[in-house]
Amino acid sequence: MKRCSTLLVDYSSSDDELENLRGKDSRLKAGPVPKKRKLPALPSSISPPVPLDDPSLHQGRIRTIPHVDGQFASHVYIALPLGGQPLLKLLRDVLREAKESVPYLYEIGFTSEDKPSELHISLSRPIFLRAHQREDLKKALRALARRQKKFTLSFATFSELVNDEKTRTFLTMEVGAGHHEFQCLAEALSPVLQGIRQKEYYTDPRFHASIAWAHLDRPNNEDNLDLVTVSPSKSSKLENELGPGGSGVELPSVSHIPKELLTALNERYCTRLASPKIGMFDVEKIHVKIGREVFSWYLEGM
């Protein structure tokens, strides 16, 4: 049986064939170039919402770092649950007295009755992560938790601390016992934060739990009480509390938390605050909040 030899034929492309036809018949004209069709817009039901900075939804607080798509605001902290703890009753008394002196204090960590109250002690400044950096930070914290053993903390004194932007002042409880362990944790985090180009914690840190805050006066104001105006959007609750303020809701601010108040709080409550039955806690976990998600690891060191 004879083999059939394979014939190789060089077919010209459709473009070449069209050019040949044009050369033979000048009457053949090029057709219109088809327009590119645009993709339809995503329906609003599935398109991501644009974050709005509405201070009236957050007691007049203003975002100091603008929102960036793909960037996750994060921070590392120790959580102290207060549900059923004697410290919760003590803090209620402290805040009641503090508000008599500074009526415009906002409580921190005291949620509704159906949710347990919780205080935080920060181990980092605010951190801003890209999506690919989230797992790196979680991996580093997991490794840190395996090295750090559990420890006990207690609170020593009430004090005032001001945020970096000088926009808010805080009534805080500063850590006494356990300060060394917090220092070690913060220092262990420094190389991790440097690796993702974030600020380290403070050089001379004052580890604390904030229990209330107030707006600070704007600079160059001679009065001790200033008014910060926020958007009236969705601010009916604040209007009910403080009354309408023309084009917006006026939120009072203060120059500082009076030293006389801090002295009185320490004289009246410090002994109870430092007692083992009230102000002492076992630290067993480290937490990080990334965006809206919270991740936790048990301290396992021996």
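Colleague: Is Phe207 buried or exposed?

Modeller: Buried, as its relative accessible area is 1%. Keep in mind that this is a predicted model.

Colleague: Which residue does Phe207 form a stacked aromatic pair with?

Modeller: Tyr201. The ring centres are 5.6 Å apart, with 20° between the planes. Under 30 degrees counts as stacked.

Colleague: And Tyr201, buried or exposed?

Modeller: Tyr201 counts as buried, at 11% relative accessibility. The cut-off for buried is under 20%.

Colleague: How many aromatic pairs are there by this rule?

Modeller: The count comes to 5.

Colleague: Which residues do ring pairs link into a cluster?

Modeller: Phe151, Phe182, Tyr201, Tyr202 and Phe207.

Colleague: What about the rings of Phe151 and Phe182, stacked or edge-to-face?

Modeller: Edge-to-face, because their planes stand at 85°. The centres of the two rings are 5.4 Å apart.

Colleague: Where do Phe151 and Phe182 lie?

Modeller: Phe151 is in strand β5, residues 151-162, and Phe182 is in helix α4. So this pair ties together parts that are 31 residues apart in sequence. Both Phe151 and Phe182 are buried.

Colleague: Let's stay with α4. At what angle do α3 and α4 pack?

Modeller: About 150°, and the axes are 11 Å apart. Helix α3 covers residues 134-147 and helix α4 covers residues 179-195.

Colleague: Is the crossing left-handed or right-handed?

Modeller: Right-handed, as α3 passes α4.

Colleague: Which residues make the contact?

Modeller: From α3, they are Leu137, Ala140, Leu141, Leu144 and Arg147. From α4, they are Leu185, Ala188, Leu189 and Val192.

Colleague: New topic: charges over rings. Which ring does the charged end of Arg134 sit over?

Modeller: The ring of Phe72, at 4.3 Å from its centre. Lys138 also lies over a ring face, that of Phe295, at 4.0 Å from the ring centre.

Colleague: Tell me about Phe72. Which strand does Phe72 lie in?

Modeller: Strand β1, residues 71-81. Phe72 counts as partly exposed, at 25% relative accessibility.

Colleague: What is Phe72 in contact with, leaving aside neighbours within four places in sequence?

Modeller: Ile127, Phe128, Leu129, Arg130, Ala131, Arg134, Ile290 and Gly291. Take Arg130: Phe72 and Arg130 are 58 residues apart in sequence, yet 6.3 Å apart in space, C-alpha to C-alpha.

Colleague: Backbone now. What is phi of Lys166 near?

Modeller: Near 60°, a positive value in a residue other than glycine. Lys166 sits in the loop between β5 and β6, with β6 at 168-175. Lys166 is exposed, at 55% relative accessible area.

Colleague: And what is phi of Arg197 near?

Modeller: Near 60°, again positive in a residue other than glycine. Arg197 is in the loop between α4 and β7, with β7 at 208-215. With a relative accessible area of 79%, Arg197 is exposed.

Colleague: Where is the place of Met280?

Modeller: Strand β11, residues 280-283. Met280 is partly exposed, with a relative accessible area of 37%.

Colleague: What does Met280 touch, not counting residues up to four places away in sequence?

Modeller: Thr152, Leu153, Ser154 and Ser275. As for Val175, its C-alpha atom is separated from that of Met280 by 10.0 Å, and the two residues are 105 apart along the chain.

Colleague: Which residues is Asn266 in contact with, leaving aside neighbours within four places?

Modeller: Thr157 and Phe158. Asn266 is in helix α6, residues 259-274. Asn266 and Thr157 are 109 residues apart in sequence and 6.3 Å apart in space, C-alpha to C-alpha.

Colleague: Now the overall picture. How many helices and strands does the protein have?

Modeller: 7 helices and 13 strands. Of the 302 residues in the protein, 36% are buried.

Colleague: What share of the contacts with a separation of 6 or more comes from residues 24 or more positions apart?

Modeller: 76% of them.

Notes: Residues are numbered from 1 along each chain as its sequence is written. This is a predicted model: local features need pLDDT of at least 70, side-chain atom pairs count only at pLDDT 80 or more; totals for chains, interfaces and linings use all residues. Side-chain values use heavy atoms; hydrogens and water are left out. Axes are lines fitted to C-alpha atoms, for helices over the stretch in contact, and angles run from 0 to 180 degrees between N-to-C directions. Helices (H or I, at least four residues) and strands (E, at least two) are DSSP runs, numbered from the N terminus. A crossing is left-handed if the near helix is turned anticlockwise from the far one by less than a right angle, and right-handed if clockwise. Contact means heavy atoms within 4.5 Å. Rings of Phe, Tyr and Trp (its six-membered ring) pair if their centres lie within 6.5 Å; planes under 30 degrees apart count as stacked, over 60 as edge-to-face and the rest as tilted. Buried means under 20% relative accessible area, exposed over 50%, partly exposed in between (1.4 Å probe, protein chains only). A charge sits over a ring if NZ of Lys or CZ of Arg is within 6 Å of the ring centre and within 35 degrees of the ring normal.
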